[in-house]
Each structure stands twice: as C-alpha cells, then as structure tokens.
Amino acid sequence: MPLSARGRQIAGELRGATSGVSAGVLGCEVVRHDELCVGCGRCVSACPTGAMRQDDWFDPAQLFAAPAGTARGALAAALRRIARHEPSGPFRVPERIRTFRGILFSADLCAGCGACVRACPTAALEACSVPVGGVEAELRAPAALGARS
Amino acid sequence: MTAPAVATPQARVPELGAADVPGSDVIADAADGERTIVAFLCRECAYSAADAAGNARTPLPPTIRTIMVPCTGRVSPLHLLAALADGADGVYVGGCLEGQCHHRVGNFHALDRVAFVRRLLESVGVEPERAAMFTMSAADTPRFVATARGMDATIARLPRLPRS
C-alpha cells in the first residue's frame, strides 16, 4: 500500500525515532536481551499478534547469565555453588511454574508495534527503529505490492 | 568537636538480602562430617505432626532441621537452593495432603517448585534426590517420622555435597 501524504509526513517526523517509541506499522525491530528477562510474561499478554508466547521449556543457561543482584541472579549464585558442571540443555517445566519459562518470539507474526517493549519491566526487550526510508521503499517495491494485493 | 555517633533507627534495620532466606542460619551448627537436612514444614499439617512427634519423644534423626512456614506455597526454589548452597545436604518440604491445603493450592505449587528444583539440580549434575516433597495430615505423626527417617537414609547414601 503506498503511503498517503499524511503518512509520508509522519514518516518524516519519525526519522531517527529513538528506542521505546512505537512507530506503528512502520515498525520497530524487537531486540531481546534474554539475560535480563525475568519470565513475567507481560510481553506475552501485551502482544496483539501472538508473536510472543511462553514456552514449556526452560534453559538453565539463561539463569546463569542473569545479572547479580536480581532474584534470578541469587538463584544462579546458589546453584553455581553446588553445580558439578555447566548446566546441560533445557528441561520441561512443571505446570505451575509460571516465571521460569523461556519466551518464544516469532518474527513472522511480529507487527513491530513495540507493545512488548513498553510492557517489559526489566528492559529485556529493546525497540530498534527500522530506517523509515527502507520501509517506504519496501512498501513501494513491486514485490511488496504483489504480496499484499 | 565531633558529633556523638548515634545509631539512627534506620541504621539498625538489617538489609534483607537473598542470603537471608530461611535455611541459612539453622544449618551453621552442624558438626563436621555430620549431614544436615532442612525441612520446610507447613504450619497446619506437617509442623503439627512434627510437634506431636516431639511431644511423644519419638527419636528423630539428628540431621533434620525444621523450619515452619505458613504454607508450603511460601517455599520458593531460592529457599531450597540457598539451603543446599549454604551447607545442607538435603532439603524437603512437608505439606498438607493433596486437596487439603488450608490455602487451597499451596501444596500443589510446592510440588511443582520441588519438581523444578530437582530438574535444575539434575541439569548441573547434582543428585535430584536431595530435594523432596512429602504430604501428610496433621495427625499423621508416624508418617512424619517415617519420611524424616527415609530422607535421612536417602541423604546418608549420597556423598557430601561439595561447594565452591
């Protein structure tokens, strides 16, 4: 869909938009910092397209990467004291464990609205603005037009 | 002239950190070579059973250290792991029978958390038997004694837990 005059004006104003600013359909790219994630799942409930969901599996390596001073960091510190080797791969999480779950992100479903970024309490999600010119060019490209019609 | 050092009320309040979880202070008095097992017991059921066992002068393994919790739903994975990291060789949670939790679902949460801790221990090469969950009714003193002795026997078979 080609941009309207108003759309082009908004796109101009959005040029160089900072992280955390939702750019609507022009979008942002969500960059994840898994070590900061506390598994609260707020991004999952905030996501309008279902691109974020909670996994049934948990990777203890994510726990070991958590920064000290956080609840996950304390858990990792205790575990590290008794650990005999580096954590082996992910394991299935019992049903009532809500926070120790991986967050799955499917880029195909992501609309780039940035709702998850605003919902994240620990800044584990970061919005990187997509160059607006690039999006505009992509929208005008014949391939994109063909795909959308 | 220097001002007299006056401790403000705020200065006397200890900082509550992750190390201050229950289980850190009760295991320090274990003699060298003696194993320690920390038991988190629910106030309504398991602790009552333990109390009755104590009143009846039933001999219990000397390794068991009991901690009363209002509900087993209060016990988090950090409580269990902090106890293990600070010197316990085993931890277990004693709660109400399934469906009889006085806070409705606390023991189910505890069951899953213990299962999570067991998988976590397994993933770093520690025997998962070091964490366990038992359920019993308040009147079931024999079951409390049996689980305490059973846990003691399980931990006695395992080597001491090395710490770094």
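Visitor: Over residues 144-149 of chain A, where pLDDT stays under 50, how many contacts beyond four places in sequence does the model have?
Guide: This is a predicted model, in which local features need pLDDT of at least 70 and side-chain atom pairs count only at pLDDT 80 or more, while totals for chains, interfaces and linings use all residues. Residues are numbered from 1 along each chain as its sequence is written, with chains lettered from A and ligands numbered from 1 in the order in which they are written. Taking pLDDT as the predictor's confidence in each residue, from 0 to 100, and a contact as two C-beta atoms, placed from the backbone, within 7 Å, the number for this stretch is 3.

Visitor: Which element of chain A has the highest mean pLDDT?
Guide: Chain A averages a pLDDT of 81, and 71% of the residues score at least 70. Elements are DSSP runs numbered from the N terminus, helices (H or I) of at least four residues and strands (E) of at least two. Helix α7 (residues 142-148) has the lowest mean, 50, whereas the highest, 96, belongs to strand β4 (residues 91-92).

Visitor: Which elements do the buried residues of α4(A) pack against?
Guide: A residue is buried if 20 or more other C-beta atoms lie within 10 Å of its own, exposed if 12 or fewer and partly exposed in between. By that count, the buried residues of α4(A) include A:Arg72, A:Leu75 and A:Leu79. Their packing partners are α3 (60-64) of chain A together with α3 (77-85) and α4 (106-123) of chain B.

Visitor: Which residues does A:Leu79 touch, not counting residues up to four places away in sequence?
Guide: A:Leu79 lies in α4(A) and is buried there. Those touched are A:Leu63, B:Leu81, B:Leu120 and B:Val124.
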